[in-house]
Amino acid sequence: MFRTFEEIVFQSTQKQSCSTMIKIESTKECKNKDQECIQEIENQGYMKAIETLNTLQKKVGNFRLPMNHLEDTCKYLLRSGLTLVDLTKCSYIHVSGTKGKGSTCALTESILRAYGLKTGLYSSPHLVSVTERIRINNEPISKEKFTKYFCSIYEKLHEAQNFERDMPGYFQILTILTFHVFLDENVDVAILETGIGGELDCTNIVPNTKTVGITSIGLEHTNHLGNTLPEIAWQKAGIIKAGSTVYTSVTQEECIKIIRDRCKEKHAAHFCKVPDFKLYFQDENDLKLTESFNNVVLLNGSLAIQLAYDWLRQNRKDMRNEINATYLTQEVMKGLINCHWPGRCQKINYFNLNMHLDAAHTLESMEICGSWFSQVTRYSQKPKILIFNITGNRDPKKLLKILKSFLVFDLICFVPNLITTNATGNTPDTTTTTATHKEQMERSKMYACHWELLCVEDQTSNYSKVFPSVISCFQYIQDQFDKSQQLDILVTGSPHLLGVTILSLNEFYKNNL
């Protein structure tokens, strides 16, 4: 049975039994025409909702977080039918940072779900579908549910405008929609990942956070977070609330000092730097378990464990009352093992392609990505191919130099975040209005120039090419290499690129088998 690349990427780590799979297939076969028509209508409604959502995207170059950003978010929240008092009906874990905050949130959610809690998870960006951002018990909300909430909220906000374009931005309206969903679903705990920064991030309107996590900090979004690590740390620590317990995996002393000062300023209850992950595994047998964990767990596991423990400590009477302790429970182990976070240090064998997906887009995460890819392919004699693109105002030369330092690629592909050059072949979920195809192509050519300069600097051969779309890239790869030959392919630089790659492989193999 043919399986799309998307199905494999998003499959749960918990394997289904054969009888369950047969039952699913049987159910699919039994679908009648009426059900198919209903699904098609729902899809059309969802696509229209996403197209409307996309009109709220802002040009990257013009994007700034205004000082009244939270005030505006509160205004739009009220117009949507919710108040800040309503938000206090939910219990939150709030996570900020430069690298690993999405993975930390996913691990925390998985652990708490293992304790039997009903969880809500809000993360960004998505890979394939906007619905991935809003999860109940780790399942993205349905397209039907998203459409219902979005249309209702958008209509209220549109009617309440005081002037033209008096509307929330893309991330603002999704955040407001998320609060509606979590409150209506009556989740036990809501885990929120910040979008950009923390101090002015629209998720920071939540007034009652008692558990706060700050992941590692690096230079990012310097045009509106600051040009130094201490300045960025100050912004990230803006999510700290009075009476909250704050945990961090930050290593730079200058940043730790800033976070500690902000804890005092905001009257936090406790501030803790989390223990090394290996300290949780006391005996040799437990330590061997760590060898089965990927980088997502190894790097973010300790912070996730402490965030889960802290929430349980404050909300469950049967939990131990220790802070920052290094014990392990069966539920924690289950949560760590079963956590599935697609597109982060993920390897998938698909036909003759050994696909390596990592959404690295900062200098720190690219170091980890390069190290991971070189490690897992160190004994491989297969041709190595890099597919690369970045978005935003990041330094492409520095990111590419990191990748080049780890291994030699036989082919380097620079692509726009487009499935195909045919507009109808791209989905609204993966479409950006912040850059035209022409602008994306110019950027891809610029990345190729940076790679060429790096090759000149270290006197190596340049095997890079620029492609107009991701599908054209895979067509070239298929034409250049024998179909029976196994290839090691690394896709990195942007979560958006990963999403487009996933959908491109769906289409490419559907049309070429």
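## A bridge between β10 and β14

H356 has L490 of β14 as its bridge partner. Strand β10 (residues 353–358) and strand β14 (residues 487–492) run parallel and are joined by six bridges. Strands here are DSSP runs (E, at least two residues), as helices are (H or I, at least four residues), all numbered from the N terminus.

A word on the source: this is a predicted model, in which local features need pLDDT of at least 70 and side-chain atom pairs count only at pLDDT 80 or more, while totals for chains, interfaces and linings use all residues. Residues are numbered from 1 along each chain as its sequence is written, and side-chain values use heavy atoms, with hydrogens and water left out.

Pairing takes at least two DSSP bridges between two strands.

Contact means heavy atoms within 4.5 Å.

## The eight-stranded sheet

Eight strands form another open sheet, in the order β4-β3-β2-β5-β1-β6-β7-β8 and with mixed pairing. Its edge strands, β4 (139–140) and β8 (270–273), each pair on one side only.

Within it, strands β6 (residues 211–214) and β7 (residues 245–248) run parallel, joined by four bridges. The bridge partner of G213 in β7 is Y247.

## The annotated binding site

An unreviewed UniProt entry lists S124, E193 and H221 under "binding site". UniProt positions follow the numbering used here, feature names are shortened, and annotations may be inferred rather than shown by experiment.

S124 sits in the loop between β2 (119–122) and β3 (134–136), and is buried at 14% relative accessible area. (Buried means under 20%, exposed over 50% and partly exposed in between, with a 1.4 Å probe and protein chains only.) Leaving aside residues up to four places away in sequence, S124 touches R133, F171, E193, T194 and G195.

E193 lies in strand β5 (residues 189–193) and counts as buried, at 4% relative accessibility. Among its contacts, again not counting residues up to four places away in sequence, are S124, F171, Y122 and C105.
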